[in-house]
Amino acid sequence: MDHFTRHVGESPEEVLHKVFGFTAFRGLQESAVQAVMNHEDVLVLMPTGGGKSLCYQVPALCRKGVGLIISPLIALMEDQVAGLRQLGVRAAALHSEMDHQDQQTVREDLICDQLDLLYISPERLLTPYSLNLLKRCSLSLIAIDEAHCVSAWGHDFRPEYRELANLKELFPGVPRIALTATADPRTRSDILSALDMPQARILMGSFHRNNLFLQAQPKLSETRQVLDALSRHMGQGAAIVYCGSRKKTESLARQLREKGYTAFSFHAGMSPADKKNVLLRFRSGEPMVVAATIAFGMGIDRPDVRTVIHLDMPTSPEGYYQQIGRAGRDGELSHTLLLYNGEGVARARYWLEEAQVPESEKRAMQGRLESMISLTETTGCRTQAVLACFGEALHEPCGHCDNCLHPPSTFDATEAAQKVLSTIYRTGERFGAVQLIAVLKGKMTEAVERHALQHLSVFGIGKDRTDVWWRMVIRQLIARGAIGMVGDHGGLGLKRETARPILRGDVAVSLREDATLRHLASMGNTT
Ligand code: ADP
Ligand code: ZN
């Protein structure tokens, strides 16, 4: 390793300049580095792209010994190691997919004090063999990357992370630094207790990403909306379209290919070889779209993802923000689009209601779902609204989200709401939005005829408005909890507590006029 340089004894600033070529630390990096240099345990919370890696890479180079980085994803480790070695850093990885000889070389380098950074997977670390080996080395620090994997609370729970609690006793006196982009308080406290670092200094960076342009639209014609967003925003970069199901990722990728895009699907049900192929193409930098489930997540660090689109509403602001955070890691303007509709909201609530989880957990999940729903319907600055979910106050509106650019107007919809609620009631609380709108508009459909709905007093009371307009009203009545799903066939029913005062005229209903409605209508196919 002749062309590799040692930096022990240099200051963090020197290492930052000389090795990484950066002029200054960003945000909380400096505090994190200092804490580690002072032997403190630290928990670093920063959004994706916030610059977490330097928080452990720099002190690992300045301090004597090898810095151990525990990372859940092999692909991610390989990337980091390759990048570091290009910078002349003595870095290596140890994981189960390496051949025996390579593993042996790394072990020898380790013993001979030839490494500054060692990336290792939790299962490899926790073997007696590795532990014995590492005990013979001097460790500069232990970094636990993607630390939220330790929390059963989050969606990335990895049981092997639980064992990391022992690190404190196994390597006493070695400073530990846990890092994650998940900011909710519950995950935070889980990390501290599961890693046995109650005294850790908590460094929480701003989650504000000024280069992300947030937009949400009612879903009216999803393929058109996706194509429209891609043609406007993707440029020569990449796009990720998050879909609610594996099947959807495949059908959408196919549709996009037919339109001339380089497009792949990605989900957990694919073979490792297929997944690897997509990741390789994605990293290669060619313009492309990945239609994916949320399995396409950790370690997606392509800098020029120009747009992230959600075909379905995520179930929490944390998930949403983490996924859109994969856009614009190079700091350039990037666009995000969230598509949502009333059915999706009603279904998410229904599933959660039926879910077999402990009551306290269910209430917390419901809380996050409701925050997400409010986020979709907010009339204020969307960036402010999402940051508020993480307890962060952005003092001025961002100026570039959809609501800042086109402030939505509100209108009195009391009468319209009463018409919808009456129609639901009169038709027996069993039809979905499409049939309800047919009744409102007085359209003879097969279902109308079969159930003789044309004889009801509500038949045709909404003739004066378009289908899209009624869809908007129904969606917002769902969002505010006046309507909900009954059973799992998509039928909508009244939520008595909220619906009754509206029907009686005791409360006025003010709804937001969808700013995008006119634009979407001009795209056609919106009935
Ligand atoms: P995270 O792990 O938090 O998602 P990374 O550590 O991958 O983020 O950093 C994101 C990007 O920001 C990288 O391209 C990195 O080189 C860059 N970066 C990090 N810190 C600095 C800094 N102090 N100055 C300039 N660029 C930085
Ligand atoms: Zn805004």
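Me: How many bridges join β9 to strand β11?

Reply: The model is a predicted one. In this model β9 and β11 (residues 288-292) run parallel. Within this pair, Ile240 stands opposite Val290 in β11. The number of bridges that join β9 to β11 is five.

Me: Which residue of β12 does Ile240 stand opposite?

Reply: Strand β12 (residues 305-310) is also joined to β9, and the two run parallel. Five bridges make up this pairing. In β12, the residue opposite Ile240 is Val308.

Me: Why is strand β9 largely enclosed by the rest of the structure?

Reply: Ala238, Ile240 and Tyr242 point one way from β9, whereas Ala239 and Val241 point the other way. Residues on both sides are buried. Strand β9 (residues 238-242) is therefore largely enclosed, the count of buried residues being five of the five.

Me: Which strands are the edge strands of the open sheet of seven strands?

Reply: The order of this sheet is β3-β4-β2-β5-β6-β1-β7, with parallel pairing. Neighbouring strands in the sheet are turned by 20° against each other on average, direction ignored. An edge strand here pairs on one side only, which holds for β3 (91-94) and β7 (201-204).

Me: Which residue of β4 is the bridge partner of Ala93?

Reply: Strand β4 (residues 117-120) pairs with β3 in the parallel sense. Four bridges are found between these two strands. The partner of Ala93 in β4 is Tyr119.

Me: At about what angle to β5 does helix α3 run?

Reply: Two helices can be described against the strands. Helix α2 (residues 29-37) lies across β1 (42-45), β5 (139-144), β6 (176-180) and β7, and runs at about 165° to β1. Helix α3 (residues 53-62) lies across β1, β2 (66-70), β4, β5 and β6. Its angle to β5 is about 170°.

Me: How many charged residues does the shell around ligand 1 have?

Reply: There are 14 residues around ligand 1, and Phe22, Arg26, Gly51, Lys52 and Ser53 come nearest. By class, the shell has four nonpolar and six polar residues. The number of charged residues is four.

Me: Which residue takes a positive phi in the hairpin of β15 and β16?

Reply: Strands β15 (residues 483-486) and β16 (residues 491-494) pair in the antiparallel sense over four bridges. In β16, Gly493 is the bridge partner of Gly484. The hairpin has four residues between the strands, and the one with a positive phi, near 70°, is Gly487.

How values were computed
Residues numbered from 1 in each chain as written. Chains lettered and ligands numbered in written order. Predicted model: local features only at pLDDT ≥ 70, side-chain atom pairs only at ≥ 80, totals over all residues. Pairing = 2+ DSSP bridges. Axes fitted to C-alpha atoms, helices over the stretch in contact; angles between N-to-C directions. Contact = placed C-beta atoms within 7 Å. Near = placed C-beta within 6 Å. Nonpolar A, V, L, I, M, F, W, Y, C, P; charged D, E, K, R; others polar. Buried ≥ 20, exposed ≤ 12 C-beta atoms within 10 Å, placed from the backbone.
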